[in-house]
Amino acid sequence: ITDAHFDYFQLQTEGSGAEVGPDDEFDGTALDGCRWTVVRPDPAAYRVTDGRLVIDTSDGDIYGTGNSGPANFVLQPAPDGDEWMIETLVDGSAFDEQYQQGGLIVYADDGNYVKFDYLVDNQAGSPVARRIELRSEVGDSVQNPQPNAGDLDQGSWHLRLARSGDTYTGWY
């Protein structure tokens, strides 16, 4: 098990620059249940500490049709409207095995989502191969294009995902 650390999440309406609720700076020692819901919760594998949300990676996958139920998707409702932006700082510097990942997800269910995440691709014991990817599925069908940035030299990244109508754009 490897931890992914999130310093904050922030939601903004597109073009306004103004923060809109809900948001969370991860103050205190517990996840705010009024702001956040957890899909397939495993409370022993996530915690709020030192101003961060820490989530232990879990086995499982939702990519393609072989959905196998990974734990602890921490969610809150998207802002109203079809123009908005979400961002976070994800620290996956301890990731060292194939497909460990952390990032942002716009999630309806395991077969309908858009995710923008940092991950590693290497087999266990091999040199760490890092990348950032933008992936989506509709009805368990992987959508194209599937952009990514590879050959990254660090494990901590600011990620931003914006929606404009039916278009999602990621920045790192």
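**Aromatic rings and a charge over a ring**

Five aromatic pairs were counted in this predicted model. Rings of Phe, Tyr and Trp (its six-membered ring) pair if their centres lie within 6.5 Å; planes under 30 degrees apart count as stacked, over 60 as edge-to-face and the rest as tilted. Local features need pLDDT of at least 70, side-chain atom pairs count only at pLDDT 80 or more, and totals for chains, interfaces and linings use all residues. Residues are numbered from 1 along each chain as its sequence is written, and side-chain values use heavy atoms, with hydrogens and water left out.

One of the pairs joins phenylalanine 26 and tryptophan 36. The pair is stacked, at 5.7 Å centre to centre and 25° between the planes. Both residues lie in the loop between strand 1 (3-13) and strand 2 (37-39), ten residues apart. Strands (E, at least two residues) are DSSP runs, numbered from the N terminus. Phenylalanine 26 is buried, at 1% relative accessible area. Tryptophan 36 is buried too, at 5%. Buried means under 20% relative accessible area, exposed over 50%, partly exposed in between (1.4 Å probe, protein chains only).

Tryptophan 84 and tyrosine 168 form an edge-to-face pair. Their centres are 6.2 Å apart, with 70° between the planes. Tryptophan 84 belongs to strand 6 (residues 83-91) and tyrosine 168 to strand 13 (residues 167-171). The two are 84 residues apart, and the pair links distant parts of the chain. Tryptophan 84 is buried, at 1% relative accessibility, whereas tyrosine 168 is partly exposed, at 23%.

A charge also sits over a ring: the charged end of arginine 40 lies 5.3 Å from the ring centre of phenylalanine 73. The rule requires NZ of Lys or CZ of Arg within 6 Å of the ring centre and within 35 degrees of the ring normal.

Conventions. Helix = DSSP H or I, 4+ residues; strand = E, 2+ residues; numbered from the N terminus.
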